[in-house]
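Hi,

Here is the structure I promised to pass on. Please look it over first, then read my notes below.

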Amino acid sequence: MTVQWKKTTCSYCGLGCGLMVGLDDGKVVDIKGMKGHPVNDGMVCTLPANYVPIFEAEGRLSDPMIRRDGKLTQVNWDEAINHVAGGLKGIIDRHGPNSIALYMGGTCLNEEYYIANKFMKAAIGTNNIECTTRLCTSSSAMGFISTIGADAPPACYDDVEEADLIFIAGNNMAVSVPAIFARVRAAKKKNGTKVIVVDPRKTETALIADIHLQIQPGTDVALNNALAHVLFEEGYVDEESVGKVASGLSDLKKLVKRYAPLRVSQITGCPEDQIREAARLIGRSKTMLVSWFQGYGHSTQSVFKNNTLHNLWLLTDNFCRPGAGPLSITGESNALGNRWVGGLSHLLPGMRMVINSQHRQELADYWGIPVEKMQSTPGRSIIEMIEGLHSGDVRALWIISANPAASLPDTKWVRDGLSKAELLIVQDIFHPTESTMMADVVFAGAHWIEKTGTFISSERRIELVDQIVESYGNVKPDYDIICRIANAMGFENDFQYASSEEVFEELKKITKGRLCDMSGVTYERLRNKVGLQLPCPTEDHPGTERLFTDRQFPRPDGRAALLPREYKKPCEIPDKEYPYILITGRLQWHFNTRTRTGRVSSLDSKARDNFVEINPVTASQLDIVDGDEVEVTSRRGSVSGAVRIIDSMLPNTIFMPMHFGNTLNVGDGRLANLLTNHVCDLHSKQPEYKYSVVKISKADQT
Ligand SMILES: Nc1nc2c(c(=O)[nH]1)N[C@H]1C(S)=C(S)[C@@H](COP(=O)(O)OP(=O)(O)OC[C@H]3O[C@@H](n4cnc5c(=O)[nH]c(N)nc54)[C@H](O)[C@@H]3O)O[C@H]1N2
Ligand SMILES: Nc1nc2c(c(=O)[nH]1)N[C@H]1C(S)=C(S)[C@@H](COP(=O)(O)OP(=O)(O)OC[C@H]3O[C@@H](n4cnc5c(=O)[nH]c(N)nc54)[C@H](O)[C@@H]3O)O[C@H]1N2
Ligand code: SF4
Ligand SMILES: [Mo]
């Protein structure tokens with residue numbers, strides 16, 4: 001067998017690792033890390049290394065389907081497109097443009113987000129378009145906007161090797177973004193880099209920490225304020241120089257006075273001395289890189305957690321130089337692209353906002369539509385879309401590359417909402433998923449290297465995914481399906497593209513002069529390089545490694561904002577009836593709702609079913625032994641799983657993976673989201689997945 005190797009970009013997490021795909025006779029036979037790639041230099045982690053079976057796995061969709069007499073039945077593309085176009089038109093005629101909504105995943109291409117935006121915001125005239133980024137990094141985006149004035153993550157991965165101290169909060173990077181973890185571990189070994197980890201669980205990541213702050217879930221704002229308190233108290237803040245680059249110093253100082261380590265030790269459960277020790281390490285380090293993730297995002301204080309973390313690097317002059325600043329990791333392969341191409345209901349393409357009249361005018365001019373066609377208020381967040389299905393204000397939902405019937409919180413409420421849709425369209429690569437099972441129409445999408453387009457990684461690196469294999473069956477690229485619907489609905493003048501490259505050329509012009517400037521990027525350049533860090537304004541520009549190196553921020557006075565934020569308790573707190581806190585999260589072996597990884601036996605055999613991690617003390621109080629089946633109950637439902645007794649959990653917390661829905665050999669009642677709450681952070685509208693109060697009983701006693 002002669003294997004031909006082609007390069008591509010990983011489609012799982014948001015790091016943008018370079019991969020080499022081995023092809024034999026046009027079929028994928030192997031996947032390796034790309035040597036010399038600036039992100040992973042040859043490393044490949046568990047998930048992409050086991051990708052080969054996915055392209056032709058059982059359940060791979062080859063053709064569209066329409067539900068007839070209760071059963072999804074294969075049809076040809078013309079029939080499916082006409083059915084959906086007619087259905088959407090009818091609903092818009094009867095109920096107006098805001099009665100339809102579009103929801104996409106975070107692994108779609110920039111070209112797909114752009115076409116979807118143009119379709120909804122310009123052609124239909126509604127802002128009801130959302131992405132799983134709402135569940136993932138919308139709070140990082142709002143955190144940046146409020147602190148530095150723009151959703152523009154400044155740091156890059158090379159900062160890992162330059163840092164004295166890496167502060168990792170609510171990010172189990174050993175599992176979720178292994179290529180960065182490998183670099184952190186290597187930097188620790190080689191340079192003696194110090195690591196602080198903040199996580200209520202003793203995770204694989206916490207095991208390498210010099211200081212592990214094992215806080216009570218949800219208490220990060222109090223912790224960050226206490227760290228700031230010590231920094232002020234012990235003279236680590238050079239107030240004069242901080243004042244030059246950040247406003248709000250005296251208000252912040254006043255607020256954090258009330259967060260003395262002794263008081264905060266009672267809130268967080270961390271010893272006072274440990275809080276002081278962590279603050280001193282921060283104060284003494286010449287360069288500190290901070291990194292955070294869903295332990296921050298999945299909280300009703302998500303944006304405040306971001307702001308108070310930003311306070312720490314601002315107070316210690318840790319920004320905009322090698323090894324220092326905020327390294328904001330993204331979860332899915334194109335979460336940052338989604339934000340920058342306008343994939344949330346309050347955004348417009350090119351880092352613009354729906355509520356900004358100048359931004360709307362710029363887009364209307366570009367698209368050649370009257371500005372009145374564009375709505376001036378944000379559309380619905382995904383949770384508000386489900387509320388709209390319940391109330392009847394939303395009648396049709398089109399889901400592309402997402403699985404909300406398993407991934408959204410409070411599953412029963414979500415599925416009740418989805419079942420009320422007059423028209424539910426799900427565009428996936430597999431059937432069944434929890435969402436395709438509920439669909440009226442299923443569209444079959446081309447997957448990853450079966451199509452061409454671009455991703456933007458956590459360090460603002462835009463990279464190309466080229467079509468290098470023939471697509472499966474009769475599937476079509478996601479952008480092409482949207483264009484076909486638009487054309488069939490009568491918008492044919494604006495949705496004729498010969499290729500995704502044409503779409504990219506149109507998209508990039510709208511980014512000119514913005515912080516996400518792609519003007520200098522061409523597919524040809526990307527084919528010859530390993531990506532370009534944005535902004536990249538001209539074709540001879542090498543890309544931008546770090547932002548704001550002139551220490552000027554895009555705020556009215558050019559300074560960042562130190563924001564005084566009060567700690568608030570999570571929405572639900574434990575009581576006599578529901579005494580434990582449920583944390584949900586990820587495993588090494590599965591990705592999100594497991595639609596891909598659950599179909600790979602080498603991965604699925606490592607983690608086949610749901611489980612519940614419980615501290616030994618709690619287990620003995622409940623008379624539970626390892627392997628017992630327990631039922632975990634919240635105010636929203638009950639879920640069962642086998643117990644794993646493990647001392648990495650605090651006694652009042654339990655952990656369940658998010659991955660196990662009711663397809664792929666796992667029965668009903670195993671999905672953690674049956675328990676979670678759909679309450680959201682006010683500012684980011686991100687749900688509180690990481691904090692639900694629950695009770696536990698042995699399964700046979702219920
Ligand atoms: N193998 C694998 N990799 C993945 C994914 C996957 O499904 N599988 N998914 C990808 C996606 S979409 C994302 S968003 C990322 C997510 O990556 P991570 O955010 O790293 O993963 P999670 O397991 O969701 O949560 C991280 C940690 O937050 C901690 N935590 C819970 N509550 C709190 C709190 O109140 N404060 C703090 N400080 N910590 C808390 C949890 O104990 C957990 O260890 O992973 C990406 N990579
Ligand atoms: N309890 C709990 N729930 C959570 C989380 C948690 O930590 N705890 N994390 C949340 C987070 S951070 C995220 S990002 C979300 C993720 O939520 P989702 O994005 O809804 O979950 P995925 O499993 O990634 O779903 C992606 C879907 O797209 C399909 N797909 C893959 N590639 C393609 C393609 O090229 N084209 C098309 N059309 N389809 C494709 C897959 O088969 C799959 O069905 O989950 C959230 N849910
Ligand atoms: S770290 Fe993320 S981007 Fe890199 S190979 Fe692993 S899943 Fe892919
Ligand atoms: Mo995510």
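Start with ligand 2. The shell around it divides into 8 nonpolar, 14 polar and 6 charged residues. (Ala, Val, Leu, Ile, Met, Phe, Trp, Tyr, Cys and Pro count as nonpolar, Asp, Glu, Lys and Arg as charged, and the others, Gly among them, as polar.)

Some ground rules. This is a predicted model, where local features need pLDDT of at least 70 and side-chain atom pairs count only at pLDDT 80 or more, while totals for chains, interfaces and linings use all residues. Residues are numbered from 1 along each chain as its sequence is written, chains are lettered from A and ligands numbered from 1 in the order in which they are written, and side-chain values use heavy atoms, with hydrogens and water left out.

Back to ligand 2. It is surrounded by 28 residues, each with a heavy atom within 4 Å of it. The closest are Asn 403, Ser 407, Asp 428, Thr 593 and Asn 673. Polar contacts here are pairs of N or O atoms within 3.5 Å. A polar side-chain atom of Arg 586 is 3.0 Å from a nitrogen atom of ligand 2. Glu 332 has a side-chain N or O atom 3.3 Å from an oxygen atom of ligand 2. Alone, ligand 2 exposes 920 Å², and the protein buries 98% of that (Shrake-Rupley method, 1.4 Å probe).

The domain assignment (automatic or from a database) gives domain 1 (4-56), domain 2 (65-133 + 339-453 + 470-511), domain 3 (138-328) and domain 4 (580-698). Domain 2 and domain 4 each give at least three residues to the shell around ligand 2.

Now ligand 1. Its shell has 33 residues. Asp 199, Gly 218, Asp 220, Arg 586 and His 590 are the closest. By class, 12 are nonpolar, 14 polar and 7 charged. A polar backbone atom of Asn 592 lies 2.7 Å from an oxygen atom of ligand 1. The side chain of Lys 305 has an N or O atom 3.2 Å from an oxygen atom of ligand 1. Ligand 1 taken alone exposes 910 Å², of which the protein buries 98%. Ligand 1 lies between domain 3 and domain 4, because both give residues to its shell.

Last, domain 2 against domain 3. Their C-alpha centres are 37 Å apart. In domain 2, Arg 339, Trp 340 and Met 351 lose the most area to domain 3.

Best wishes

Definitions and conventions: Polar contact = N/O pair within 3.5 Å; in protein donor to acceptor, adjacent residues only side chain to side chain. Buried area = accessible area lost by both parts, 1.4 Å probe.
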